[in-house]
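Please keep the sequence and the structure in view while reading.

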Amino acid sequence: MAPTTLYGRILTPTGWMHGELTFDQRVIKLNEASTRVTVSEDLPIILPGFIDLHVHGGHNVDIMQGNRSAIDVAKIHARHGTTSMLGTTMTAPEADIEHALRGLSKAIREPEKDAARILGVHLEGPFLSPKRLGAQPPVVIEATLALTEYFHAIAPIRVLTLAPEIAGHLGLIPALSAMGIRVQIGHSAGSYEDGVAALRAGVAGFTHLFNGMTGLNHYQPGMVGAALAHANYAELIPDLQHVHPGAIRTALRAIPRLYCVTDATAATGMPDGEYSLGSQQVFKCLGCVRLASGSLAGSALTMDQALRNLVSLGLALDDASNRLSRFPADYLGVQDRGRIAPGAWADLVVLDQQLEVRHVFLEGRLLNSGSNPP
Ligand SMILES: [Zn+2]
């Protein structure tokens, strides 16, 4: 692959740089602009590609459909600047999860052009609390090591969400962590004390913080309290529908490496109407995805919109970018993505001054449709 050079405002691990970025599949070098060149503020903005650790679907496709669905979903999200993602399952009967995992396994092993790289699986369910399912269908299964190992052998699980207060789950956390899985608390009716015990047992993060867990009350701090008091990492859905901006600001002060996910569903990138989420029927209306009952059911968010939302809340662009790329990469222990540095994969998103995506590079290759996201 012949090297490409881009000129712009480049976010590097040590801060902003005006200059040139040269890459083939990986970043080759960064050159600061010579002081004789006038630096214009309307240079293109070059950020590391987004890394979304919680994606269910997009463009009327749901990863639970198995087969090619994960690749199709990865293509849609790539157009919005996502260069890596975790394919996320829903609570479902074992055979349905297995079907989704088989599709994901192929998508992970045989990545396609123009599709975000799928780094593994986020197993969200079936090890959840029947009391806090949200949009997850009522098919919870009590977690066992054997079942997790069985799933993990089909497709690599990088993140697993469970409710730690369910009998048997707390004791499993050390073994799951030892498998290299980041265990997260989510869809949980557990108390603050359950959360602290789970963190001690090796829990690494929280799934869509605030949503699907017990809230903070000053006498009963709940799972949210456990996260705010003790977590280093947690995921959050910044569509400004799932979490009030004030709660986002609270979490930003409390959790150093709060990072963002979309929790995007099949309705993402589609007009208002009726869609499926796993086995559930959902409705997209006014930017939200809801069950017939009215409760939120995943999102219609994309990572470029997440970036604009964070900046609209007053976050500096570099801070917002870290929460969409670098922190999720660090969380997974991936050192050669999520940052623009020599040797890292050339996963790049090029934005204009309005933070609209202009171009996306996936491992150095320009995405065909990068300039016109749907
Ligand atoms: Zn989800």
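Strand 1 and strand 2 are joined by a hairpin through two residues. The model is a predicted one, in which local features need pLDDT of at least 70 and side-chain atom pairs count only at pLDDT 80 or more, while totals for chains, interfaces and linings use all residues. Residues are numbered from 1 along each chain as its sequence is written, and side-chain values use heavy atoms, with hydrogens and water left out.

**Strands and sheets**

Helices (H or I, at least four residues) and strands (E, at least two) are DSSP runs numbered from the N terminus. Two strands are said to pair if DSSP finds at least two bridges between them. In general, strands of a sheet pair through backbone hydrogen bonds, either parallel or antiparallel.

The pairings treated here are set out below.

| Strands joined | Bridges | Direction |
|---|---|---|
| Strand 1 (residues 4-12) and strand 2 (residues 15-23) | Nine bridges | Antiparallel |
| Strand 1 and strand 4 (residues 45-48) | Two bridges | Parallel |
| Strand 5 and strand 8 (residues 82-89) | Four bridges | Parallel |
| Strand 16 (residues 280-285) and strand 17 | Three bridges | Antiparallel |

Glycine 8 has glycine 19 in strand 2 as its bridge partner, and arginine 9 is partnered by isoleucine 45 in strand 4. Valine 55 is paired with glycine 87 of strand 8.

An open sheet with parallel pairing is formed by six strands, in the order 5-8-9-10-11-12. Strand 5 (50-55) and strand 12 are its edge strands; each has a single partner strand, so one side of each is left without a neighbour in the sheet. Helix 9 (residues 317-332) packs on this sheet and touches strand 5, strand 8, strand 9 (117-124), strand 10 (157-162), strand 11 (182-185) and strand 12. The direction of helix 9 makes about 65 degrees with that of strand 5. Such angles run from 0 to 180 degrees between N-to-C directions, and axes are lines fitted to C-alpha atoms, for helices over the stretch in contact. Contact means heavy atoms within 4.5 Å.

A further open sheet has three strands in the order 15-16-17, with antiparallel pairing. Here strand 15 (273-277) and strand 17 (288-290) stand at the edges with a single partner strand each, so one side of each lacks a neighbour in the sheet. From one strand to the next, the twist averages 35 degrees. Cysteine 285 stands opposite cysteine 288 of strand 17.

**Helices**

Burial is judged by relative accessible area: buried means under 20%, exposed over 50%, and partly exposed in between (1.4 Å probe, protein chains only). Helix 1 (residues 69-78) is largely enclosed by the rest of the structure, because eight of its 10 residues are buried. These are Ser69, Ala70, Ile71, Val73, Ala74, Ile76, His77 and Ala78.

Helix 2 (residues 94-109) and helix 3 (residues 145-154) have axes that come within 8 Å and cross at roughly 30 degrees. Helix 2 is therefore roughly parallel to helix 3, a term for angles under 35 degrees. Helix 2 contributes Glu94, Ile97, Glu98, Leu101, Arg102 and Ser105 to the contact, and helix 3 contributes Leu147, Tyr150, Phe151 and Ile154. Arginine 102 touches Tyr150 and Ile154, not counting residues up to four places away in sequence. Arginine 102 is partly exposed, at 46% relative accessibility.

In helix 7 (residues 245-254), the residues Ala247, Ile248 and Ala251 are buried. They cover an arc of only 105 degrees around the axis, which places them on the same side of helix 7; the arc is that of the directions from the helix axis to the C-beta atoms. The buried residues of helix 7 pack against helix 6, strand 13 (233-236) and strand 14 (257-260).

**Backbone exceptions**

Asparagine 60 has a positive phi of about 70 degrees and is found in the loop between strand 6 (57-58) and strand 7 (61-62). Asparagine 60 is partly exposed, at 42% relative accessibility. Phenylalanine 210 likewise has a positive phi, of about 85 degrees, and its place is in the loop between strand 12 (205-206) and helix 6 (222-230). At 22% relative accessibility, phenylalanine 210 also counts as partly exposed.

Definitions and conventions
Parallel < 35°, antiparallel > 145°, perpendicular 65-115°, else oblique.
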